[in-house]
Amino acid sequence: GKPYNTNARLERRLDYCHSLLLQGRHDRAAAMLEEAWQEWEAAAQTTEEARATDSEAEAERLDLLGTFYSMSGLAAKGRGLIKQAEEQFRLALELDESNENLVNVADVLLRQKRYFEAEELYTKALGKTETEKSPDHPDTGMALNNLALVYELEGNVEEAEASTRRALEIWERSLGPDHPDTATALENLSSLLYLAGKYDDAEPLIR
């Protein structure tokens, strides 16, 4: 009875909050998330069953809350709110070590210039993508692209180039040469080659 109804109500609220976030209505989404959290907490205090059966919705709630902080707080209020985003993403990650949650934490670490910590999580996300999907899946290309960025920021141009080349190969095969992701990887590779002083290799890549 009650645990199911509470969970279903929270799920509906979370779906609506997700819609608000997609519309950029971050203030309204944050207020509704807070209301949903308080309601869920009150229900969970009456029975452990409610808490136990609601972990998936709670992970989603925390992920959405973290998304709100990282999307609106990062640009508007700076480093202090990024730390709050990290805290929320880490809570979501504790409940569900999904690829999305790994990348969310890594992204906010990257924003804080904590490159080596971000690299560790991006590497873990790459491994999960290769295992759960395939080494040639487009998402593997995106995971490699994330790693290439952090390698470049660390000053590891050689590893950045290798990851970008592999991402480019995956996207050329799976998405085609004219896809925007393929074009981005090609542009990134050209920039990295210039950065490494490999001008003769970089020139043919410029369209």
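Reply:

**The core and its surroundings**

The largest nonpolar core has 32 residues, and those with the most contacts inside it are V105, L110, A118, L121, Y122, L147 and V150. Such a core is a set of buried Ala, Val, Leu, Ile, Met, Phe, Trp, Tyr and Cys residues joined through side-chain atoms within 4.5 Å. The elements giving two or more residues to this core are α5, α6, α7 (115-132), α8 (138-154), α9 (157-174) and α10 (180-195). In general, nonpolar side chains tend to be buried together in soluble globular proteins.

A word on where this comes from: the model is predicted, so local features need pLDDT of at least 70 and side-chain atom pairs count only at pLDDT 80 or more, while totals for chains, interfaces and linings use all residues. Residues are numbered from 1 along each chain as its sequence is written, and side-chain values use heavy atoms, with hydrogens and water left out.

Stepping back, the protein chain has eleven helices and zero strands; helices (H or I, at least four residues) and strands (E, at least two) are DSSP runs, numbered from the N terminus. Of its 207 residues, 44% count as buried, where buried means under 20% relative accessible area, exposed over 50%, and partly exposed in between (1.4 Å probe, protein chains only).

Leaving aside residues up to four places away in sequence, V150 touches L110, Y115, A118, E119 and Y122, with contact meaning heavy atoms within 4.5 Å.

Next, look at α9 and α10. These two helices pack at an angle of about 155°, with their axes 9 Å apart; axes are lines fitted to C-alpha atoms, for helices over the stretch in contact, and angles run from 0 to 180 degrees between N-to-C directions. On the α9 side, the residues making the contact include V157, L168 and W171, and on the α10 side they include A185, L189 and L192. α9 and α10 are therefore roughly antiparallel to each other, the word used for angles over 145 degrees.

Finally, two loops. K113 is found in the loop between α6 and α7, and its phi is near 65°, a positive value in a residue other than glycine. Most residues other than glycine have a negative phi. K113 is exposed, with a relative accessible area of 62%. S98 lies in the loop between α5 (79-95) and α6 (99-111). A polar atom of the S98 side chain lies 3.1 Å from the backbone nitrogen of N101.

Technical notes:
Polar contact = N/O pair within 3.5 Å; in protein donor to acceptor, adjacent residues only side chain to side chain. Parallel < 35°, antiparallel > 145°, perpendicular 65-115°, else oblique.
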